[in-house]
Structures are given as structure tokens and as C-alpha cells.
Amino acid sequence: MFSIGYLLIAVVDFGVLLWALRLNKQYPSTALWLATMPLILLWFDNLTIGLGSTLGEGALLKGLNTVRFLGHYILLPFTFIAIGSMARQAGFAWAQPKWVMGAFCLLATYFMVHDLWLFYHATFYPSCFAETVRYTTHITDYTACSPDDVPGTGQRIPPVPAITLSNMLMLFGIYLWWKIGYKWLFLGAFFATGFFAVPFSSTGGIVGNVGEPIITAVVLLACVHITKQFGSNRAVANPG
């Protein structure tokens with residue numbers, strides 16, 4: 001049941017990716033390109049979990065899980081830069097200095113390097129929930145695959161970048177609502193965050209994965225809205 005759910009989410013993720021690529025042709029912008037980056041392997045993440053019980057433990061599943069972890073750590077931070085790019089494209093005065101975009105890039109790079117460093121020093125362990133099987137860096141009492149597994153083994157890598165990004169999207173969404181009357185980034189990010197708040201221990205993370213294409217889609221729509229309203233580039237800065 002859970003495996004099928006992950007496979008369905010993978011189909012949705014891939015559909016959103018195709019939609020994003022089409023939007024990039026229609027409304028090209030740096031922000032939209034950056035916001036599309038996390039979608040490149042988001043579908044692969046859910047596909048790997050969905051196929052885990054079929055493939056079973058072993059080198060193949062471990063390799064697939066390595067790719068999904070690397071995809072998450074490398075591609076998700078691009079959305080931080082997309083926020084700064086949207087603000088710059090909309091002409092907000094505070095976003096025009098180069099050091100501001102540099103700060104967004106630095107934040108994204110920090111999260112990318114930090115999590116990759118932790119992952120490099122971590123060890124993979126089989127992780128089971130319901131009928132799903134995957135590899136993770138930490139064993140809990142609700143993901144142990146056998147009685148011999150010891151909860152607490154391994155290194156937990158907290159989703160600090162994802163939590164920080166969700167909060168930044170909501171804050172920037174509030175700012176867009178105030179400055180240009182666009183409310184959907186805030187409302188969409190707030191709605192998706194409700195999915196992320198569901199404890200992993202009760203659902204195995206599948207509810208949070210449902211929220212990922214939602215929050216990605218609302219970011220894409222915000223990028224398109226800004227391009228429609230302000231164009232691909234804006235020479236004159238708006239106040240604020």
C-alpha cells in the first residue's frame with residue numbers, strides 16, 4: 001500500500017517536472033530555472049522508496065538510495081537562490097546589490113556542503129516502514145528491519161535546510177502579498193508545511209513527500225507571476 005503510494009507520488013513529481021520544463025520555455029527566468037532544479041531527482045526519490053521492497057536489501061538499492069540522498073542535498077538548496085532571484089527580478093530595492101544575491105548563494109552553498117559532509121561520514125542502514133524498504137543513515141525503533149537492529153545506531157541528518165526553506169518561502173510569500181498583492185506563495189507554502197509537520201513515525205514520511213510537489217509547484221507559479229508582471233529583467237528598482 002505504502003509502496004504504491006510512493007510510486008504515485010513519483011508520477012506526480014515527474015509530471016510537475018515536465019510542466020516546469022514547459023514553463024521554462026514559456027516564461028524563461030533565472031528564478032524559474034533555479035526553482036526547477038530540485039525537481040530533477042524528486043521523482044527518483046519516491047521511485048526508489050516505492051521499489052525498495054521489490055528490489056530488496058543489497059547493493060542496487062543502496063546505490064539508488066545514495067543517488068536520492070545526493071539529489072536532495074545538492075538540488076534542494078537551489079530554491080534559496082531562487083528566492084533572491086525572484087526578489088531581484090521583481091525590482092525590490094533591497095535585492096539589487098550583488099552582495100544580497102551573494103548571501104543567498106552562500107546560504108545555499110552552506111547547506112549543500114554541510115549536509116554532504118555529514119552524509120560522507122555517515123553509514124547506510126536498512127530502514128523499514130510498513131512494507132517499504134530503503135537505506136538511511138539512522139535506525140529508529142519504528143524503522144528497524146529486524147530484531148537485531150539497534151535503535152539509535154547511525155547518524156541522524158536533521159532536515160534543517162528543508163525547514164529553513166519552508167519558513168523563508170512563507171516569509172517571502174508574506175512580503176510578496178504585502179508589496180505586490182500576490183498571496184499564493186504564502187498560502188501554498190503554508191498549506192504544504194502542514195504535510196511536512198506530520199510525524200515520520202506515524203506515516204513513514206509519505207505525507208511529507210506529498211507536500212514536496214505542492215510547495216515546488218507554488219514556487220514555480222510565483223516565478224511565472226513575477227515574470228509576467230515584471231518581465232525577465234527589471235532595470236528600475238521598486239521601493240522596499
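What share of contacts in the protein chain between residues at least 6 apart in sequence join residues at least 24 apart? I looked this up and found 67%, with contact meaning heavy atoms within 4.5 Å.

A note to myself on the source: this is a predicted model, where local features need pLDDT of at least 70, side-chain atom pairs count only at pLDDT 80 or more, and totals for chains, interfaces and linings use all residues. Residues are numbered from 1 along each chain as its sequence is written, and side-chain values use heavy atoms, leaving out hydrogens and water.

**Overall fold.** I found 10 helices and 2 strands in the protein chain; these are DSSP runs (helices H or I, at least four residues; strands E, at least two), numbered from the N terminus. Along the sequence I read α-α-α-α-α-α-β-β-α-α-α-α.

**Burial.** I see that 48% of the 240 residues count as buried, that is, under 20% relative accessible area with a 1.4 Å probe, protein chains only.

**Extent.** I noted that the C-alpha atoms fill a box of roughly 65 × 30 × 25 Å along the principal axes.

**Helices α8 and α10.** I looked at α8 (residues 184-196) and α10 (residues 206-230), whose axes come within 8 Å and cross at roughly 170°. Axes here are lines fitted to C-alpha atoms over the stretch in contact, with angles from 0 to 180 degrees between N-to-C directions. The two helices are therefore roughly antiparallel, the word for angles over 145 degrees. On the α8 side I listed residues including Trp184, Phe191 and Phe195, and on the α10 side residues including Val207, Ile214 and Val218.

Methods: Parallel < 35°, antiparallel > 145°, perpendicular 65-115°, else oblique. Buried < 20%, exposed > 50% of the residue type's maximum accessible area, 1.4 Å probe, protein only.
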